[in-house]
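Subject: Handover of a structure and the findings from it

Dear colleague,

Please find below the structure that I am handing over to you.

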Amino acid sequence: MYLKVVVMQKGNAVWPWVVVGVVALGGAGAWLFQGNLQKMRPSPAPAPAPAAGTPAGPAAVHAVSPSGTAPAEPAAPRYPLEGSDAADPALPALADSDASALQALHDLLPADALALLLREHLIQRVVVHIDNLTQPSLPASAMALRPVDGVLVVESTQDDGLQLAAANALRYRVYVEAFSQADMPALAAAYRRFYPLIQQAWRDVGHPDGHFNDRLVAVIDHLLQTPEPAQPLLLERDERGRYRFVDPDLQARSVGQKALLRLDGEQTRAVKQQLRTLRAALTRG
């Protein structure tokens, strides 16, 4: 028998289902996260884009083209969105979009999920958050969500090692269930409606020749590649006393994939199925 040991540690994992569900209304603005958040102001002229895959952050906004020339015309999107070319005249300006974005989410997500959001500059925060999910870590300044409540639960193995306890998944149960029941076509429809703001915001981050929908699909594909280990995951403490995976391959995974690894097998499969459904809705199948 295993001896169960409950270890108290601040929870700061990212809820992957919320991250990708909320992206139905994602947007940009890494420049907002320089120092203290200020009142939204008109977006500055977009700077030349950094290399593809560069995490969103303050430095990206101030990047300067080595040649000093204007960026090339944007390439055609790999995954164009039908009906996203013409902006809905009822859409607010990006700088005034918080209320509209929150109302749309209110109609699509449960109250428990909405309570997690950092609501000021919501669209701006979410795109930066999504863009960083493929990175090794997620800076607090790039987060669109509040830290997860509760504590990490581990248990000892037969040889006195540590492993992630099955009970840890209880922290995510209500939210995974809510995401599993969410109407993905409705989320995709809201995403299409808000896409002009999303694309404007994405370019403000420092991607004037890119398309956010292409990035979103790439992030979903990345999350879908998260392994599903059959055995409990072994843990150890690093030099600062924080838990890390013993398996170097798992420890080297991105912050988004590590979030999925914290779920149990059933939860992971449910989340992945919804991600596939959302991906199909955003790529015409």
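Two residues are in contact when heavy atoms of theirs lie within 4.5 Å. With that cut-off, among contacts between residues at least 6 apart in sequence, 76% join residues at least 24 apart. Please bear in mind that the model is predicted. The protein has 11 helices and five strands, and 49% of its 285 residues count as buried.

Next come the aromatic rings. A pair of aromatic rings is described by the distance of the centres and the angle of the planes. A search of the whole structure finds two such pairs. In one of them, the ring centres of Tyr191 and Tyr195 are 5.5 Å apart and the planes stand at 55 degrees, so this pair is tilted. Both residues lie in helix α7, four residues apart, which is about one turn of the helix. Tyr191 and Tyr195 are both buried.

Trp202 and Phe212 form an edge-to-face pair, with 5.4 Å from centre to centre and 65 degrees between the planes. This pair links distant parts of the chain, since Trp202 belongs to helix α7 and Phe212 to helix α8, 10 residues apart. Both Trp202 and Phe212 are buried.

Finally, I turn to the packing of two helices. Two packed helices are described by the angle between their axes and the distance between the axes. The axes of α8 and α11 come within 10 Å and cross at roughly 155 degrees. Because angles over 145 degrees count as roughly antiparallel, α8 is roughly antiparallel to α11. The crossing of α8 past α11 is left-handed. On the α8 side, the residues that meet α11 include Leu216, Val217, Ile220 and Leu224. Their counterparts in α11 include Lys272, Leu275, Arg279 and Leu282.

Yours sincerely,
A colleague

Terms used. Residues numbered from 1 in each chain as written. Predicted model: local features only at pLDDT ≥ 70, side-chain atom pairs only at ≥ 80, totals over all residues. Heavy atoms only, no water. Phe/Tyr/Trp six-rings, centres within 6.5 Å; stacked < 30°, edge-to-face > 60°. Helix = DSSP H or I, 4+ residues; strand = E, 2+ residues; numbered from the N terminus. Buried < 20%, exposed > 50% of the residue type's maximum accessible area, 1.4 Å probe, protein only. Axes fitted to C-alpha atoms, helices over the stretch in contact; angles between N-to-C directions. Parallel < 35°, antiparallel > 145°, perpendicular 65-115°, else oblique. Left-handed = near helix turned anticlockwise from the far one by under 90°.
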